[in-house]
Amino acid sequence: MFPPPAPPPAVAVRDLWVRFGEVEAVRGIDLTVEPGAAVGLLGRNGAGKSTTMKVLAGVFPATEGTVLVAGIEQRRDPLRVKQLVGYCPDVGGLVPRATPWEHLQLSARLRRLRDWEERARDLLETFELGDVAHRVTAGFSHGMGRRLSVVLAAFHQPRVLLLDEPFDGVDPLGVEATLKVVAEARASGAAVLVSTHLRDLAVLACDDAHVMRGGRIVGSLPSAELEGETGARAYRALLD
Amino acid sequence: MPAPTAPSSTEPGHLARVRRSIADVGPLLRFRAAALRGSARRRIAVVAGILLGCTVAAAIVPAHVADAGQEGRAGELLLLLPSAYLGVLGIAIVSAAAAGGGRELLQRDQAVAFPVSPTTDHLGSLLLAPLNIAWLLQTWAVLGATAYAWGPERLGWVQLPIVLWVLIATAAAQVLAWSYECVRRLRHGRFATLAIVVAGVGLAGLIVAAGRVTALLDQAPTIRLALLSAAARDGRWGEYAAGITVLVLVLVLAVALGAPPAHRLARLPAREESALETSHYAPRPTPRARAADLRMLLRLDRAGVWRSVPLRCGVAVLALLPGGAALAGGLAWDTLLIMPGLVGSGGALLFGVNAWCLDGAGGFWRETLPVRPGVPLAARAVVLAEVLLVATAATIALGAIQAGWPTATELAALLCTTVVVIVMVTGRSLQWSVTTPYAADLRSARATPAPPAAMFGYSVRLATVTTIVGLLFAATARLDDWWVPVLLAVPFVCFGALRLARVAQRWDDPAVRGRVVATVAG
């Protein structure tokens, strides 16, 4: 009897390059995230974190390199990869004249989810969006928009949860709800990638962290090493 | 009630504030121009040169036609000039009111970072008003007609009052448009503005029904403009100078009068927009049958159109105004056939030329949904075509009241023109949406899907194509054979379908979609 083969990594990125004209946003990064793990992407503005997230989410194609999600190459089967990924973009992410419920309904329809209504209601309640479920998102505050983006990313229980700046402008209850979503996703075997500027929250949400600078990963360390004053100094050293 | 605070001695006086507001227009224009890069800047310079050339040509060339300034046709035209001058005012009012008060020099979300005074905003809107195909065509028409009617003698002096009148009409329309927008923003303002429109249309209907149109136009105050031109040609310089002085004073007054309502408007809450953004929409069941993905996307795209204030107003204006004009003018079917093209090109300018802007920042999220790229593209095409069809149908229905039953050939020509215009305009609009997207927030009544210069370019190109199509089919409507327009429609529809297929092919490329989404999401 052979032991069952090990499951492929949830995310495997090899030598990823992303160029926009003459600008090299991502310059040859390698990244692996195992199922059930949570990894933080940290770095200064323009370091390439959001572009990396967008490539993983299928918004931007990679210029060079390989992106595998649950063993599936994104370039070959982008629709299958999109089924497996949940993405909260760094800005906006909401259709302005649609309601939260309509966003969830569209996601459920396109992902062929059945009996999704109860989970949708639970998530909206958890993020205190239940009473605005049928209001258009154009009138939402920044924090409400961020919270709904996290709901949309986590709604279909993806194998890979990508959260880009999920804590930005979010109140403490929203932060708590987001951390709960991250913990639940990990418990169900999903891989979580969190891009954030908030070092303390990255420590809370993730086991490991990659620090990016100028489109490259310049340091990888357990997130606990980023804690406190010592962590701040270590982080700062990687940014300069 | 708290007592008003006395102005601080360090605050600038009223005149100083006005001077600063005027001075701010220049840097804002330069800021907009700086956003243009390389070829776009050159293109705009070329287009501006062409437009200026066309304007000069319109004002001079007709005066040198053989029978210009003679009795006969030119003499008859002279009698119609006051009505044409009044038409300039009408078009200017409708354009400014439909644009929610006028074009924005700086988009609302960008302007928040700068201390832009409502006076500056007002002056900016005035400067941008000529970037409108209807305004330009009307201006060229009156300049050309004046030149032809009076002939080459002292032409510059003859045209001067007309140029001043065009500027006065634009400034006066701006005053009315700001005031109309102020009324709309009051409590129950929606109903008040609706009442104004209904009363205006009703009054026009009564005048038409009573057969008093000609009698009223004969008493139009714009007759004085024609008299002023006559004074110039006859060398009555005292009378002419007095008239020009009055026109200049009226122009300065009209420009100045726009500032108070612009300031008032800046302090009023956008009630209708807020009401739409805070309304609750009852959930509807998820579609499950055939083409459910497309139907779900259509639902979301339709919400994007019908829950947007500028789009709703735009569709209403487009559906009622050309039809109302056709009804008032008692147009026959061969002239009504131009209407689908006119409405089609106007409809595309509401959102179609930058169709992905309906998603705004939600484009990033939508792009991560597991659906073949062709399905959202098809949904967007269908929604645009629906809007064009609704507006065209309303226009034709209104025009048909006076035109009566069409013959079989006229009906065939009408249906074929409509189909051809919708297919061609949809294809062209989606092509532009993919090649040149813009970040646009269609929340405010003044918002447009692209910057003013781009909108102008789109309107010229769409109007040219759709007018040619309309004229071609209007010619076939005079024939006895109904199959001629049908046959003529085939290559146009094939061409439009081919363009749509090319757009779909392009949209299939993830790099193209990524660029569009990133631009539109701003």
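Predicted model: local features only at pLDDT ≥ 70, side-chain atom pairs only at ≥ 80, totals over all residues.
**α20 and α22 of chain B**

I took helix α20 (residues 408-435) of chain B and helix α22 (residues 483-507) of chain B. Their axes come within 9 Å and cross at roughly 20°. Angles under 35 degrees count as roughly parallel. α20(B) and α22(B) are therefore roughly parallel to each other. I noted the hand of the crossing too: α20(B) and α22(B) cross left-handed. I then sorted the residues of this contact by class. I found 19 nonpolar, five polar and three charged residues.

**α3 and α7 of chain B**

Next I looked up helix α3 (residues 73-98) of chain B against helix α7 (residues 155-184) of chain B. The two axes come within 8 Å, with a crossing of roughly 35°. Here α3(B) passes α7(B) in a right-handed crossing. I listed the residues that make the contact. From α3(B) they include B:Y85, B:V88 and B:L89. From α7(B) they include B:W165, B:V166 and B:Y180. How many charged residues does the contact of α3(B) with α7(B) have? I found no charged residues, against 15 nonpolar and two polar.

**Chain B overall**

I counted secondary structure in chain B. It has 23 helices and zero strands. The C-alpha trace of chain B spans about 80 × 75 × 50 Å along its principal axes.

**Where chain B meets chain A**

I then turned to the interface. I have 34 residues of chain B in contact with 36 residues of chain A. Four helices of chain B each supply at least two residues of the side that touches chain A: α13 (271-278), α14 (292-306), α18 (363-367) and α23 (510-520). Which of them gives the most? It is α14(B), with six residues. By class, this side of chain B has 17 nonpolar, nine polar and eight charged residues.

**Chain A overall**

Chain A has eight helices and ten strands. Its radius of gyration is 18 Å, close to the 18 Å that the globule rule gives for 240 residues, so chain A is as compact as a globular protein of that length. I get a span of about 50 × 45 × 45 Å for its C-alpha trace along the principal axes.

**Six-stranded sheet of chain A**

I traced an open sheet of six strands in chain A. The order is β6-β7-β8-β3-β9-β10, and the pairing is mixed. β6 (85-88) and β10 (216-222) of chain A are the edge strands, each pairing on one side only. Neighbouring strands are turned by 15° against each other on average, direction ignored.

I went through the pairs around β3 and β9. Strand β3 (residues 38-43) of chain A runs parallel to strand β8 (residues 191-195) of chain A, joined by four bridges. A:A38 stands opposite A:V192 in β8(A). β3(A) also runs parallel to strand β9 (residues 208-213) of chain A, with five bridges. There A:G43 has A:M212 as its bridge partner. β9(A) and β10(A) run antiparallel and are joined by six bridges. A:D208 stands opposite A:P222 in β10(A). I checked the hairpin of β9(A) and β10(A). Two residues lie between the strands, and A:G214 takes a positive phi near 55°.

Helix α5 (residues 142-154) of chain A lies across β6 and β7 (160-164), at about 175° to β6(A). Helix α6 (residues 172-187) of chain A lies across β3, β7 and β8, at about 150° to β8(A).

**Four-stranded sheet of chain A**

Last, I traced an open sheet of four strands, ordered β2-β1-β4-β5 in chain A, with antiparallel pairing. Why is one side of β2 (23-33) and of β5 (72-73) left without a neighbour in the sheet? Both strands of chain A stand at the edges, each with a single partner strand. Strand β4 (residues 64-69) of chain A pairs with β5(A) over two bridges, in the antiparallel sense. In β5(A), A:E73 is the bridge partner of A:L68. Helix α1 (residues 49-57) of chain A packs on the sheet and touches β1 (11-20), β2 and β4. I have its direction at about 115° to that of β1(A).

Technical notes: Residues numbered from 1 in each chain as written. Chains lettered and ligands numbered in written order. Axes fitted to C-alpha atoms, helices over the stretch in contact; angles between N-to-C directions. Parallel < 35°, antiparallel > 145°, perpendicular 65-115°, else oblique. Left-handed = near helix turned anticlockwise from the far one by under 90°. Nonpolar A, V, L, I, M, F, W, Y, C, P; charged D, E, K, R; others polar. Pairing = 2+ DSSP bridges. Contact = placed C-beta atoms within 7 Å. Rg over C-alpha atoms; globule rule 2.2 N^0.38 Å.
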